[in-house]
Amino acid sequence: MENQNAMFCFQCQETMGGTGCTRVGMCGKKPDLAAMQDLLTYVTKGLSAVTTQLRREKTDISEEVNRLISENLTATMTNVCFDTDVIRARITETIRVRDSLAGRVKKKEAIPEAALWSGSPEEYEAKAASPEVGVMASQDADIRSFRELITCGVRGLASFRTEAAAAGGTDADVDAFIQRALSQTFDDTMTGGNLLALVMETGRYGVRAMDLLDRTLSGAFGNPAAGTVPSARRNRPGILVAGYDLHDLSMLLEQTKDRNVDVYTYSEMAAADFYPELAACPNLVGSYGGAWWQQKTDFEQFGGPVLITGGGIVPPKEKVLAQMFTTGTAAFPGAVHIEADADGRKDFSAVIEAAEKAGAPEASEGVVRAGGYAHHQMGELLDRLTTGIQTGAISKLFVLAGSDGRAKNRSYYSDIVKAMPDDAVILTAGSLKYRFPEIPADREVAGVPRIMDAGRISDVYSIIQLLLALKDRLGLDNLNQLPVVYDIAWHDQRDIIVMLSLLYLDVKHMHIGPTFPAFLSKNVQDVLVKYFGLTQIRTVQEDMESFMGSSDALIQPDMIVGDIVQTYPSLVPVMMNCGLHCIGCGVSTMETLEEACMTHGLDVYDILDILNDQLAQEGKTRS
């Protein structure tokens with residue numbers, strides 16, 4: 001059936017009705033922009049098919065081409081580029097580069113139609129509307145689901161690569177994978193099993209890209225140091241810097257140091273305040289405002305110019321637009337865009353002059369925030385964490401990481417913190433931390449901070465490094481044996497690559513929310529539930545009971561199936577009716593109930609409700 005929607009996009013968590021935006025994006029993008037982003041994705045995949053084939057034929061690919069592909073992918077992410085003309089220009093440049101390389105391919109039959117189409121700008125709209133372009137191009141819902149999961153993950157991966165490249169970091173293997181993965185989304189011989197393997201490989205390279213970005217930024221600005229940053233203002237002109245690119249911030253700080261202009265960080269950019277080389281700049285004075293989605297209010301209240309680096313744009317009011325500047329992959333119609341010169345240098349004099357004219361920013365009510373807990377700093381707390389876990393002084397580690405958003409059901413992440421026991425430690429990264437600002441910066445548990453903020457969403461890498469070190473220190477076989485809860489909030493494609501990275505590391509029973517991604521079909525969801533125990537968040541009470549163990553339930557997820565059968569034989573037919581048909585098998589009886597449910601594609605919490613209800617009817621309760 002022909003698609004009659006004005007557009008279709010379902011790549012972010014806030015997509016309309018949890019299914020897809022069809023008239024206008026919840027992010028604010030219009031149908032013409034959505035169409036051009038679809039076409040840019042299509043031709044970028046075509047270019048990637050060409051570069052992948054050239055690599056097979058032992059031809060090197062230049063850094064300029066690798067960067068173009070990653071920047072294209074970043075520009076098609078949620079809340080990054082809203083300027084249709086910019087996207088159209090990228091399409092034209094991508095076709096030009098692709099055509100210049102396609103002529104060097106020896107095995108022409110190996111490249112898809114997307115590597116051959118070379119329409120003029122006047123033909124872009126018609127091509128974007130054709131059935132082979134856009135997320136609905138794959139007819140099979142499960143194949144489409146896998147392909148979109150890979151594409152979204154690769155977009156997030158590419159954004160980390162783009163940030164690293166701005167500060168001088170590259171990895172040829174990451175580039176080769178990004179392009180190969182994109183080209184394989186055109187491969188109709190790839191089965192569901194092949195695509196699942198590619199999903200896991202995407203997670204593997206997600207870890208590698210986070211490592212690249214971590215090493216690059218630490219090499220440029222020093223290892224982050226734990227400390228606190230005020231949310232305040234000084235009585236001098238100021239510039240508010242949002243987005244992701246620390247290299248852009250560094251250049252701005254250099255250009256403002258002698259201009260009587262202060263620089264404030266916004267949302268995830270606040271991680272910059274803990275890098276020694278940046279923190280040493282006297283005019284970097286602290287953070288301002290809240291999470292990225294609050295920027296309409298925060299930017300207007302600030303009153304001065306805002307520089308958005310890399311992305312994270314909420315369509316602004318006219319008053320704010322007049323003071324908005326963008327750079328890198330970020331763009332918005334009407335905002336002044338600052339390009340880099342041939343040497344990569346950017347001239348921020350227009351932003352500085354706007355700050356001088358605007359004067360001091362308005363006061364902001366905020367809190368003192370603790371941060372800087374990258375893996376170097378966390379490593380210094382390893383002994384205390386180990387002792388705390390061994391002695392029971394620390395009951396759980398909660399990985400509350402990811403991106404915040406506007407949806408009301410994200411209050412879950414505020415409430416889950418309030419429901420936690422006082423002896424739980426929170427590891428966080430990304431903008432989700434703005435959901436629980438009430439924890440004092442000096443609160444400790446067993447000699448370690450109650451909350452340790454690693455920084456931006458890519459700094460989940462530091463949390464991973466800490467947990468791997470804890471696993472080794474405690475002599476455990478895998479991460480799943482640690483007393484860790486993974487409660488991940490997602491909004492866009494950077495969160496998706498973090499989720500895939502954790503799946504690659506074989507993290508089981510990850511909770512994600514507020515919803516499952518709309519691009520996951522029911523069957524693909526079932527695969528992720530069965531093999532990884534991936535779970536959507538439920539109510540705070542239900543989740544806390546599963547995280548900490550219900551005090552009055554006789555049957556718990558970590559109980560051995562054989563023990564359940566021996567202690568409560570009346571549950572055998574109930575378990576079999578629920579689908580646990582192999583409880584008589586000698587191997588299965590050694591599994592936990594959670595493992596048995598995962599093997600059979602069952603929700604362990606649904607089974608727990610049934611089994612405990614049965615025992616309650618029999619009059620059996622915990623004494």
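**A sheet, some helices and the spaces between them**

User: How many bridges join strand β9 (residues 396–402) to β14?

Analyst: This is a predicted model: local features need pLDDT of at least 70, side-chain atom pairs count only at pLDDT 80 or more, and totals for chains, interfaces and linings use all residues. Residues are numbered from 1 along each chain as its sequence is written, and side-chain values use heavy atoms, without hydrogens or water. Strands (E, at least two residues) and helices (H or I, at least four) are DSSP runs numbered from the N terminus, and two strands pair if DSSP finds at least two bridges between them. β9 and β14 run parallel, and the number of bridges joining them is 6.

User: Which residue of β14 stands opposite L400?

Analyst: L400 belongs to a group in β9 that also holds K396, F398 and G402. Across in β14, the residue facing L400 is D487.

User: Over how many bridges do β9 and β10 (residues 424–428) pair?

Analyst: β9 also pairs with β10, again in the parallel sense. In this pairing, V399 stands opposite L427 of β10. The β9–β10 bridges number 4.

User: In what order do the 6 strands of the open sheet lie?

Analyst: The pairing in this sheet is parallel. The edge strands, each pairing on one side only, are β13 (451–453) and β16 (535–536).

User: Why is β9 described as largely enclosed by the rest of the structure?

Analyst: Buried means under 20% relative accessible area, exposed over 50%, and partly exposed in between (1.4 Å probe, protein chains only). K396, F398, L400 and G402 point one way from β9, while L397, V399 and A401 point the other way. In a regular strand the side chains alternate between the two faces of the sheet. β9 is largely enclosed because its buried residues number 7 of 7.

User: How many residues of helix α8 (residues 246–256) are buried?

Analyst: α8 is mostly covered. Its buried residues include L246, L249, L252 and L253, along with D248 and Q255. The count for α8 is 8 of 11.

User: Is T216 buried or exposed?

Analyst: T216 lies in helix α7 (residues 192–221). Leaving aside neighbours within four places in sequence, T216 is in contact (heavy atoms within 4.5 Å) with A164, A167, G168 and G169. At 11% relative accessibility, T216 counts as buried.

User: Is E318 buried or exposed?

Analyst: E318 sits in helix α11 (residues 318–321). Its C-alpha atom is separated by 31 Å from that of A129, 189 residues apart along the chain. With a relative accessibility of 65%, E318 counts as exposed.

User: What is the volume of the largest pocket?

Analyst: On a 1 Å grid over the protein atoms alone, a cavity is a set of points where a 1.4 Å probe fits but cannot get out; a pocket is an open set with protein on both sides within 12 Å along at least five of seven lines, and lining residues have an atom within 4 Å of a point. Grid points are joined across faces, edges and corners, and a volume is the space filled by probe spheres set on the points. For the largest pocket this volume is about 950 Å³.

User: Which residues lie nearest the centre of the largest pocket?

Analyst: The lining of the largest pocket divides into 14 nonpolar (Ala, Val, Leu, Ile, Met, Phe, Trp, Tyr, Cys, Pro), 15 charged (Asp, Glu, Lys, Arg) and 11 polar residues (the others, Gly among them). Of its 40 lining residues, the nearest to the centre are R67, E71, R90, G328 and A340.

User: Which residues are closest to the centre of the second largest pocket?

Analyst: The second largest pocket holds about 770 Å³ of space. β14 (484–489), α19 (540–548) and α22 (593–599) each supply at least two residues of its lining. That lining has 11 nonpolar, 9 polar and 5 charged residues. Of the 25 lining residues, the closest to the centre are K396, N480, H509, D558 and E594.

User: What is the volume of the largest cavity?

Analyst: The structure holds 5 cavities of 30 Å³ or more. β8 (369–371) and β13 each give at least two residues to the lining of the largest cavity. By class, that lining has 17 nonpolar, 4 polar and 5 charged residues. The largest cavity has a volume of about 290 Å³.
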